[in-house]
Amino acid sequence: GTTTTMARLSGLQKDVLALYRSILREAVRKDRKALPSTPLPSSSSNNHVEMTNKSISHPPVGQLLSISSSTAYARDQFRKEALIVRRSDFKTIEYKIRKGKKQLQLLKMPGVNLVGGASGR
């Protein structure tokens with residue numbers, strides 16, 4: 001198939017991509033929880049039972065990436081780190097993966113809403 005033309009990823013590359021996807025997924029979840037959801041207008045507004053998760057409008061991921069959010073911060077941090085670390089520097093990459101996994105665990109904590117430089121300091 002077409003997958004034979006693509007270069008195979010090393011184990012380290014797969015680890016980095018898996019961590020990146022996990023952090024982005026959690027950041028999107030936190031951003032959607034932090035941003036106010038707007039209920040969509042319902043055809044029968046006097047029936048409260050019809051309000052389900054499907055009737056709540058969440059901002060698209062593209063919008064979350066364009067505003068100051070955890071999602072944009074996570075993406076920008078990954079890109080910044082990728083420019084700093086050489087591909088052949090395996091020890092640093094492994095260290096950054098371990099550090100990223102710890103940050104992911106922090107992000108998953110219920111009390112954490114947003115990450116990034118948006119704090120009031």
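**Close-up views of the predicted model**

**Figure 1. Leaving out residues up to four places away in sequence, Q13 touches R8 and R87.** Contact here means heavy atoms within 4.5 Å. The structure is a predicted model, in which local features need pLDDT of at least 70 and side-chain atom pairs count only at pLDDT 80 or more, while totals for chains, interfaces and linings use all residues. Residues are numbered from 1 along each chain as its sequence is written, and side-chain values use heavy atoms, with hydrogens and water left out. Q13 belongs to helix α1; helices (H or I, at least four residues) and strands (E, at least two) are DSSP runs numbered from the N terminus. With a relative accessible area of 29%, Q13 is partly exposed. That class lies between buried (under 20% relative accessible area) and exposed (over 50%), with a 1.4 Å probe and protein chains only. The C-alpha atoms of Q13 and I93 are 9.5 Å apart in space, although the two residues are 80 apart in sequence.

**Figure 2. I93, in helix α4 (residues 90-108), is a buried residue.** The relative accessible area of I93 is 16%. Not counting residues up to four places away in sequence, I93 touches L12, V16, V85, R86 and R87. A82 is eleven residues from I93 in sequence, and the C-alpha atoms of these two residues are 9.2 Å apart.

**Figure 3. Y20 and F78 form an edge-to-face aromatic pair.** The structure holds one aromatic pair. The ring centres of Y20 and F78 are 4.7 Å apart and the planes meet at 65 degrees, so the arrangement is edge-to-face. Rings of Phe, Tyr and Trp (its six-membered ring) pair if their centres lie within 6.5 Å, with planes under 30 degrees apart counted as stacked, over 60 as edge-to-face and the rest as tilted. Distant parts of the chain are linked by this pair: Y20 lies in helix α1 (residues 11-34) and F78 in helix α3 (residues 70-84), 58 residues apart. Both Y20, at 21% relative accessibility, and F78, with a relative accessible area of 22%, are partly exposed. Leaving aside neighbours within four places in sequence, Y20 is in contact with R75 as well as F78. Between the C-alpha atoms of Y20 and I97, which are 77 residues apart along the chain, the separation is 9.4 Å.

**Figure 4. Helix α1 meets helix α3.** The two axes come within 8 Å and cross at roughly 160 degrees. This makes α1 and α3 roughly antiparallel. Axes are lines fitted to C-alpha atoms, for helices over the stretch in contact, with angles from 0 to 180 degrees between N-to-C directions; angles under 35 degrees count as roughly parallel, over 145 as roughly antiparallel, 65 to 115 as roughly perpendicular and the rest as oblique. On the α1 side stand V16, L19, Y20, I23, L24, A27, V28 and D31, which meet S70, T71, A74, R75 and F78 of α3. By class, this contact has nine nonpolar, two polar and two charged residues. Ala, Val, Leu, Ile, Met, Phe, Trp, Tyr, Cys and Pro count as nonpolar, Asp, Glu, Lys and Arg as charged, and the others, Gly among them, as polar.

**Figure 5. The protein chain holds four helices and two strands.** Along the sequence, these elements follow the pattern α-β-β-α-α-α. Buried residues account for 20% of the 121 residues.
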